[in-house]
Each structure stands twice: as C-alpha cells, then as structure tokens.
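Colleague: Please show me how to read the features of a structure, one at a time.

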Amino acid sequence: MFIKHPPKPCVFSSAIAILGAGSWGTALAIHLALKGQIVHLWGDKSDHMEILQASRFNPNYLSNIRLPSLISCFSDLAKAIENVTDILIAVPSAAFDIILQKLKPLFTNNQHLLWASKGLCKKQWLHQVIQTILGDIPSAVLSGPTFASEIARGLPSLAIIASSCKNLAQKLCDRFQSQYFRISPSQDVMGVELAGAMKNIFAIAVGILEGLGMKANTQSALMTNGLSEIIKLGLALGCQFETFLGSAGIGDLILTCTNNQSRNRRFGLAIGRGETIQKAQQSIDQTIEGVETSSAIIQHAIQHKIQLPICTRVYQILYEAYSPQTLLDALLQ
C-alpha cells in the first residue's frame with residue numbers, strides 16, 4: 001500500500017536523520033518523505049536496514065506501507081547524520097542514553113536534536129539526559145496524540161513541538177506540519193515530557209480496569225483522576241497549566257487510554273484478565289514504557305511530597321505484587 005498526499009512545496013533543502021527504525025521512526029520518515037523531504041532512516045541492525053533499503057518495506061512495522069524513494073536506510077550512524085541539520089531520535093526511552101552516547105562524538109555545532117520518545121531514561125527526564133551527555137545544545141521534543149500507523153497513512157492528527165528556543169520550535173513545526181498533520185509550538189519542554197510519560201501509566205490502569213470487567217463510567221473516572229495527577233505533579237515541577245489541556249496532555253491521555261493500538265493499554269488489559277506481568281510483557285513483545293515510568297514518577301512524587309493514588313497503585317501492582325482489584329480502591333479513595 002502506497003499512500004499519496006497532496007503535493008506541497010518543501011522549503012527544507014537539507015536532509016533530516018531519524019534514529020530508530022521502529023514503528024514511530026518509520027511513520028515519521030514516511031510522513032516527511034511524502035512532504036518532499038530527504039530522510040536518512042537509521043537502525044542499529046545492518047541486515048534489517050539492508051532489507052528496508054532493498055525491499056522498500058519495513059517487515060516488522062507498518063509492513064504494508066511502501067517506503068517512499070526519498071528515504072535512505074542506514075546502519076552506519078556517521079553516514080546517517082552526515083550533512084543533516086536536524087536529527088530526530090525515535091527509540092524507546094530506556095535506550096535514549098545509549099543512542100546519545102553513540103551520537104556524542106559525531107554531533108556538530110550546526111545540528112539540532114529533536115526527540116519523539118516518551119518516558120524517562122534511568123529515572124531521568126530525557127532533556128536532562130541530553131544535557132548530561134551532549135551539554136546545552138539546541139533541542140526540542142515532539143509529542144501528542146499520535147499513533148504511528150495513522151500518521152503513516154495520512155490521517156488527520158495533532159501534535160506539539162516544545163523547545164526552550166522559540167525559533168527552533170517554530171522551525172521544526174514548519175518541517176513536520178502538513179495539510180493533515182497540524183503541529184503547535186511550545187516552550188514548555190517539561191510539561192510536554194511529563195504528560196507524554198505519565199499518560200502511559202494511566203493507559204495501563206484503564207486496561208486493568210477493562211480486564212476486570214469495568215465499563216465506561218469507571219474508565220472515564222480513572223482518566224479524569226489521572227489528568228488531575230498529571231497536573232498536580234506538573235505544577236510542582238513548574239510546568240504550564242495550559243499544556244495539560246492541549247494535545248500533549250488531555251489529547252494524548254484520551255488516545256492512549258481508549259484505543260488498543262496502545263501497547264500500554266493492552267498490557268494493562270492482559271493483567272486485568274489475570275495474566276502475569278511477565279507473560280503480558282511477552283505477549284505485547286514491545287517496550288511497555290509505562291512500567292519503568294511508574295517507578296520514576298513515584299520517586300518524583302515522594303520528592304515533592306505529592307499524593308498520586310493511581311500512579312502509586314499501578315506501581316504497587318507492577319512491582320509489589322498488589323492485586324489488580326486494588327486499583328478500584330485507589331480510584332475511589
């Protein structure tokens with residue numbers, strides 16, 4: 001299946017490198033290539049990237065969508081980022097520091113870093129990981145209510161790009177924005193990161209509730225209280241309240257909690273139906289970001305003396321063998 005979008009002049013003459021050839025990285029590569037931009041798609045498995053380059057399909061993700069000709073596939077990181085100004089990281093957050101360490105000796109002063117990963121890395125926010133490894137460089141985060149398959153197919157979507165540098169946020173919005181993909185700029189990096197990470201915890205929780213047989217009322221109540229917990233921690237961390245009422249906040253929360261394209265939701269659903277955590281993870285066979293995120297968020301809540309009942313109970317179910325049924329107690333307390 002090859003998706004064609006209405007042609008639109010491309011003002012970006014330089015290529016963009018996308019590091020991570022999973023579903024999200026592949027989808028964003030397809031989106032940008034169909035806008036007329038040159039894309040360098042990098043993955044760390046040489047045999048896999050050779051298959052992508054030769055067949056023009058990603059056999060593991062979005063396998064029915066052809067890769068446009070403007071996408072070149074690389075397993076050599078130095079070649080992938082050569083002569084590009086913008087570098088996008090789209091890998092699971094647990095591997096974020098590993099990618100940055102590989103990138104560090106190759107990164108140049110005229111390059112910008114953007115990430116689309118959601119979660120924390122070794123209990124650090126991703127912008128902090130960047131500062132630790134690469135220093136104070138121009139960077140931005142892309143987030144919002146987006147499933148990879150729908151972006152690749154050109155279905156209407158919203159997102160946000162946040163950077164402490166207002167001009168960089170706008171420049172990257174211009175690069176990604178299209179007739180069907182509307183992107184807003186922001187300077188609230190912490191708020192966008194926080195919302196994108198915490199929503200995975202609540203997606204697990206909603207999945208657990210559905211697995212237990214709970215219906216729409218209960219699931220809606222959990223999402224409502226979940227948004228309150230995001231806002232409570234966000235304000236303690238100095239985030240902007242408005243961020244949580246937009247696409248990066250309530251938008252992403254609704255998407256991830258209500259649709260089974262969300263692997264965090266499917267993971268919770270399996271636990272609610274009685275599967276062990278290990279078996280549920282094996283059945284998803286992809287990174288469940290909300291598992292590690294729940295542990296990190298609890299530490300932040302303790303540090304700031306904030307009560308987060310749902311986050312705490314999800315953590316206890318995942319790490320302390322609490323029964324899934326006890327999630328209802330946390331919801332109704």
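Modeller: Let us begin with the elements: helices (H or I, at least four residues) and strands (E, at least two) are DSSP runs, numbered from the N terminus. The model is predicted, so local features need pLDDT of at least 70 and side-chain atom pairs pLDDT 80 or more, while totals for chains, interfaces and linings use all residues. Residues are numbered from 1 along each chain as its sequence is written, and side-chain values use heavy atoms, without hydrogens and water.

Colleague: How many cavities of 30 Å³ or more does the structure hold?

Modeller: Rolling a probe the size of a water molecule over the atoms shows where empty space is left. On a 1 Å grid over the protein atoms alone, a cavity is a set of points where a 1.4 Å probe fits but cannot get out; a pocket is an open set with protein on both sides within 12 Å along at least five of seven lines; lining residues have an atom within 4 Å of a point. Here there are two cavities of that size.

Colleague: Where does the largest pocket lie?

Modeller: The largest pocket lies between domain 1 (16-187) and domain 2 (195-332), because both give residues to its lining; the bounds come from an automatic or database domain assignment. Its space is about 1,200 Å³. Of its 42 lining residues, Gly-22, Ser-23, Trp-24, Arg-263 and Gln-286 are the closest to its centre. The lining holds 16 nonpolar residues (Ala, Val, Leu, Ile, Met, Phe, Trp, Tyr, Cys and Pro), nine charged (Asp, Glu, Lys and Arg) and 17 polar (the others, Gly among them).

Colleague: How many aromatic pairs are found?

Modeller: Rings of Phe, Tyr and Trp (its six-membered ring) pair if their centres lie within 6.5 Å; planes under 30 degrees apart count as stacked, over 60 as edge-to-face and the rest as tilted. The search finds two pairs. In one of them, Phe-96 and Trp-115 have ring centres 6.3 Å apart and planes at 65°, so the pair is edge-to-face. Phe-96 belongs to helix α4 and Trp-115 to strand β5, 19 residues apart. Both residues are buried (under 20% relative accessible area; exposed is over 50%, partly exposed in between; 1.4 Å probe, protein chains only).

How values were computed:
Points joined across faces, edges and corners; volume = space filled by probe spheres on them.
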